[in-house]
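I opened the notebook to look up ring pairs, backbone angles and surface charge. Entries follow in the order I checked them.

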Amino acid sequence: MALVSDRLWRALGRSAQKNQSRSRSTVDQASDLASWATDLTDAEIADTATSLRVADAGKLDVPRYLAVVREAADRSIDMRPFDVQLLGAVRMLEGDVVEMATGEGKTLAGAVAAVGYVLSGRHVDVISINDFLAQRDATWMGPLFEILGISVGWIAESSTPEHRRDAYGCDVTYASVNEIGFDVLRDHLVDDVAQLVTPTPDVALIDEADSVLVDEALVPLVLAGSVSTDVPAEKVFDAIRLLDEGIDYDTDADGRNVFLTDVGATRVEKELGGIDLYSEDHVGTTLVAVNVALHAQVLVKRDVHYIVRDGRVQLINASRGRVAELQRWPDGLQAAVETKERLTQTETGEILDTITVQALIGRYATVCGMTGTALAAGEQLRTFYGLGVSVIPPNQPNVRVDEPDRVYDTVANKNAAVVEFVKEAHATGQPVLIGTHDVAESESLASLLDDAGVSAVVLNAKNDAEEATVIAKAGVRGAVTVSTQIAGRGTDIKLGGPEGVEDASVKAAVVELGGLLVVGTGRHTTERLDDQLRGRAGRQGDPGRSVFFSSWEDDVVTANLGPKEQPKQHDETGLITAGRVADKIDHAQRIAEGAMLDVHSRTWKYNELTAQHREILDSRRASLLTTDEALELLASAAPDRAAELRRTLDEDVLVVAARRIVLYHLDRAWSDYLAHLADVRESIHLRALGRENPLDEYHRIAVDAFKTVSSKAIEQAVSTFENAEITSEGIDLDTEGLHRPTSTWTYMVHDNPFAGTAANRSGLGVIFGG
């Protein structure tokens with residue numbers, strides 16, 4: 001275990017061990033009730049579950065509930081929870097994020113915990129990382145909930161508002177974090193309480209909790225309306241494509257930013273007809289387009305940050321290796337990359353509302369979850385959510401052998417060593433899974449293997465639809481699979497493949513060879529991703545082996561260690577032979593992790609105030625939506641107009657019209673507030689040049705801007721109330737020029753795609769949905 005985890009474990013261990021001891025005792029008591037539960041009929045199981053329901057979680061008979069659920073799972077889905085799965089459920093009931101190894105049955109443990117919350121009088125949202133898992137797990141665990149008399153629903157992107165209301169109305173709702181967030185945002189635009197979809201948030205039980213709570217914590221979910229904006233024209237790109245690195249433009253040391261040289265600026269000006277890029281006519285338009293185009297051309301890499309498929313630019317989620325469905329970049333960057341690839345440009349939008357994943361999860365009264373790599377994220381989980389971590393031991397001891405890193409001087413020597421190592425292992429018949437960092441690397445390495453006579457199956461974002469088929473065969477004798485992080489989590493590689501499941505002798509033959517061999521082609525920027533890759537081997541007590549090949553040219557090293565720190569001793573293959581060289585790689589990774597934690601902390605400080613303002617607005621909006629407050633406000637400000645309308649119209653008509661007017665202007669003022677702060681964020685760092693604290697200045701500006709939201713909305717609402725035509729049919733906002741967007745989109749966008757660290761450069765994306 002790397003030092004980060006050791007340190008965290010020492011910090012958390014005593015408390016965690018005490019809690020686990022208490023929880024183990026509870027599980028032991030449940031096991032003692034096994035014979036009692038076995039004697040129950042199906043009807044008696046449902047009746048017992050009903051009788052166990054309490055209004056106070058502290059009064060739940062946990063051992064008896066666990067015994068009933070264990071028996072119910074055995075009968076309904078043919079899965080009898082192990083003691084360690086019950087232990088995981090108990091720790092989630094205590095509000096922890098539990099770490100359970102691959103193949104240990106997190107899905108069932110989560111369902112058991114969800115039952116416990118429901119029996120305690122709570123509603124549970126089981127939050128996953130994508131729609132597929134939400135629907136799969138709800139369907140898979142459905143019979144368990146049904147036999148216990150507990151209702152369950154699921155939500156996907158294609159779900160209708162009616163379907164969503166029904167799903168949220170169930171005791172347990174399975175949904176992706178995106179869809180829950182987008183439902184919250186859409187609810188923020190309704191002007192009729194009957195249109196609301198989401199209930200008051202209660203319990204969030206999060207699958208792949210580190211991915212949701214850490215990797216995507218500060219990714220804002222956005223609701224936007226269609227608008228047209230200027231984007232880099234083809235003429236600008238024609239000029240950018242002519243530029244030479246080192247002469248016309250340079251990048252900074254870690255490849256985070258690109259900028260024109262004086263020579264490059266002069267060349268671009270000449271290509272664009274002899275203009276002055278820095279003149280008043282061009283500095284806010286053409287120069288912006290040039291900078292965006294240069295960023296897209298130089299820093300955003302095809303087959304690393306995105307692929308082109310089906311005539312579209314499709315972004316890659318670096319931590320998962322998959323295409324990020326419906327994802328795109330913000331502002332003009334998406335259009336710039338599309339122009340770069342000579343594709344049709346997609347539309348952009350005006351932000352109507354936004355909320356970060358961290359703020360979304362913060363709305364829940366109780367948060368817990370599960371993942372295969374919680375301990376390495378323990379500091380972030382504790383700092384930003386106040387969550388504890390419990391490490392659940394495997395049902396069978398882990399016998400996987402994790403070898404020390406093999407560190408080389410160059411990428412070329414490292415790749416040659418990987419090929420030779422895999423070739424030798426393949427000759428024995430041992431199945432090999434090679435984990436790479438991006439699409440380009442996976443394809444390049446597969447080509448090198450092919451040249452060496454080793455046929456490999458490639459799995460990356462380009463053929464992610466084949467994931468299930470490829471992974472099913474990755475444990476077959478003689479298989480060599482080259483994969484991006486797509487095979488890093490959420491997959492279960494069985495030794496011997498499908499035949500090994502049916503025929504014990506097929507699995508035994510692979511076991512005899514040592515099980516699955518996992519080869520990493522370099523450290524990721526966080527230990528968690530490395531552990532996820534290692535975790536593909538050694539499931540449920542199976543044998544396995546893992547080894548990482550690193551080089552001094554790997555991104556995590558070059559971004560975090562200086563050239564002077566490179567050991568000089570290496571053999572003829574480039575293998576660095578200096579002592580403790582792997583420790584230096586560990587150190588580089590810890591620096592990267594620390595940088596990401598610092599970015600998270602600083603970015604959240606900017607977002608936190610807006611989140612607080614949003615809570616205030618939510619409360620205000622809920623009051624306007626469910627009471628007559630809007631009419632009272634307008635009647636107080638325009639009594640003569642109110643009296644005139646009351647002489648001819650029913651009060652109910654006026655209440656609805658006033659509500660629609662006030663909510664429209666409140667939503668418009670909030671959108672303007674968000675747009676203003678987005679503009680401020682673009683240049684707030686410049687305040688440091690004037691010896692001002694950018695964060696303090698941002699907060700001051702945000703507070704001042706928010707003070708005007710309500711007053712601006714009321715002022716404009718009063719004007720509409722006094723001048724608009726209001727009939728017995730109410731008010732037609734469109735006729736009055738108060739247009740809500742004819743179409744809205746939902747998407748996710750990273751906070752600042754132009755200034756990512758080396759640790760997150762590949763996550764420059766946004767998610768668009770319908």
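**Aromatic pairs.** I searched the whole structure and found 7 aromatic pairs. Rings of Phe, Tyr and Trp (its six-membered ring) pair if their centres lie within 6.5 Å; planes under 30 degrees apart are stacked, over 60 edge-to-face, the rest tilted. I looked up tryptophan 670 and tyrosine 673: they are stacked, 4.8 Å centre to centre, with 20 degrees between the planes. They sit 3 residues apart in helix α27 (residues 651–683), so about one helical turn separates them. Helices here are DSSP runs (H or I, at least four residues), numbered from the N terminus.

This is a predicted model: local features need pLDDT of at least 70, side-chain atom pairs pLDDT 80 or more, while totals for chains, interfaces and linings use all residues. Residues are numbered from 1 along each chain as its sequence is written, and side-chain values use heavy atoms, without hydrogens and water.

I then followed tyrosine 673 to phenylalanine 706. Their ring centres are 5.8 Å apart and the planes stand at 65 degrees, so I logged the pair as edge-to-face. This pair links distant parts of the chain: phenylalanine 706 is in helix α28 (residues 694–723), 33 residues from tyrosine 673. Tyrosine 673 is buried because its relative accessibility is 3%; buried means under 20% relative accessible area, exposed over 50%, partly exposed in between (1.4 Å probe, protein chains only). Phenylalanine 706 is buried too, at 16%. I also noted a cluster of Tyr408, Phe421 and Phe549, linked by ring pairs.

**Positive phi.** Most residues other than glycine have a negative phi. Aspartate 78 has a positive one, near 55 degrees. I placed aspartate 78 in the loop between α4 (62–76) and α5 (83–93). It counts as exposed because its relative accessibility is 66%. Arginine 580 also has a positive phi, near 60 degrees. I found arginine 580 in the loop between α23 (555–558) and α24 (581–626). Arginine 580 is exposed, at 66% relative accessibility.

**Threonine 107.** This residue lies in helix α6 (residues 106–119). Threonine 371 is 264 residues away in sequence, yet the C-alpha to C-alpha distance is 10.0 Å.

**Charge.** Which residues form a negative surface patch? I listed Asp628, Glu632, Asp650 and Asp652. Patch members have over 30% relative accessible area and no salt bridge, with like charges joined within 9 Å; a salt bridge is a Lys or Arg side-chain nitrogen within 4 Å of an Asp or Glu carboxyl oxygen. Glutamate 632 is in helix α25 (residues 629–637). It is exposed, at 55%.

Definitions and conventions
Patches are made of residues with over 30% relative accessible area and no salt bridge: like charges are joined within 9 Å, nonpolar side chains (Val, Leu, Ile, Met, Phe, Trp, Tyr) within 5 Å. Accessible areas come from the Shrake-Rupley method with a 1.4 Å probe; for residues, only the protein chains shown count as cover. Lys and Arg count as positive and Asp and Glu as negative; His and the chain ends are not counted. The place of a charge is taken as NZ of Lys, CZ of Arg, CG of Asp or CD of Glu. Helices (H or I, at least four residues) and strands (E, at least two) are DSSP runs, numbered from the N terminus.
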